[in-house]
Amino acid sequence: MKKILIVDDEEMIREVLREYAEYEGYEPDEAEDGREAVRKCKENDYDIVLMDVMMPKLDGFSAVKEIKKYKDVPVIMLSARGEEYDKLFGFELGVDDYVVKPFSPKEVMARINAVLKRHVTVEKPSDVYTFDGLKIDITARNVYVDGVKADLTPKEYELLFYLVKNKGVALSREKLLTDVWGFDFFGDDRTVDTHIKMLRSNLKEYRKYIITLRGMGYKFEVV
């Protein structure tokens, strides 16, 4: 069952689209603003996103830009503004279609079907890393320490996955804050240090792979 994230600050629009999506055999999820959409896309995998443009907290264009850093997911923009400039800006961000409000839910479903047909799913090999007794399955979002599944927080998972994907690369605290916590996070370097400490505790003897770079940051390295 294909999963759809419906993002709109108007509850009635989300409700109508959810009902039509369920009728068409999709599994819908909802977000009422751009920030919630970014968070949900980081934590879940969706087959397509319906994104309103004008929303509080974070507008749709900014949300799409942030989501595209983490997930290559098809996006259809929903907007009351049909100016050519807005459409071109959306397409430059990588959106797949642009629907102007008011719209027919049936038309939206037809556009979803068309976009998904263009995005032929290619089976990718599992993104699994093994370092002695440490197994990191990024695809399944699981970490095993000597065969025992580690109980990490969502942010610890993201931090570890980012470190592993950049194995051997020196990463400053600032870069970790920007890429793992996001551009809208308001915090300081201690946030990174605290999460590294918790992550090392959960990795037990394999904490040795997370190297501290004094005065700079961290890197994941296996000698």
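**View 1. Glu19, a partly exposed residue with a relative accessible area of 43%.** The model shown here is predicted. Glu19 sits in helix H1, which covers residues 11–23. Glu19 also belongs to a negative surface patch.

**View 2. A nonpolar surface patch formed by Met12, Val16 and Tyr20.** The patch amounts to about 280 Å². Tyr20 is part of helix H1. How exposed is Tyr20? Its relative accessible area is 30%, so Tyr20 counts as partly exposed.

**View 3. The largest nonpolar core, with 29 residues.** Leu134 and Val143 have the most contacts inside this core. Which elements give two or more residues to it? Three are strands: E7 (134–137), E8 (142–145) and E12 (217–220). The others are helices H6 (154–165), H7 (173–181) and H8 (189–203). Helix H6 gives the most, with seven residues. In soluble globular proteins, nonpolar side chains tend to be buried together.

**View 4. The whole protein chain, for orientation of the close-ups.** The chain has 223 residues, and 44% of them count as buried. Its secondary structure comprises eight helices and twelve strands. The C-alpha trace spans about 55 × 35 × 25 Å along its principal axes.

Key:
Residues numbered from 1 in each chain as written. Predicted model: local features only at pLDDT ≥ 70, side-chain atom pairs only at ≥ 80, totals over all residues. Heavy atoms only, no water. Patch = residues over 30% accessible without salt bridge, like charges linked within 9 Å, V, L, I, M, F, W, Y side chains within 5 Å. Areas by Shrake-Rupley, 256 points an atom, 1.4 Å probe, with all protein chains shown as cover. Salt bridge = Lys/Arg side-chain N within 4 Å of Asp/Glu carboxyl O. Lys, Arg positive; Asp, Glu negative; His and termini not counted. Charge placed at Lys NZ, Arg CZ, Asp CG, Glu CD. Helix = DSSP H or I, 4+ residues; strand = E, 2+ residues; numbered from the N terminus. Buried < 20%, exposed > 50% of the residue type's maximum accessible area, 1.4 Å probe, protein only. Core = buried A, V, L, I, M, F, W, Y, C linked by side-chain atoms within 4.5 Å.
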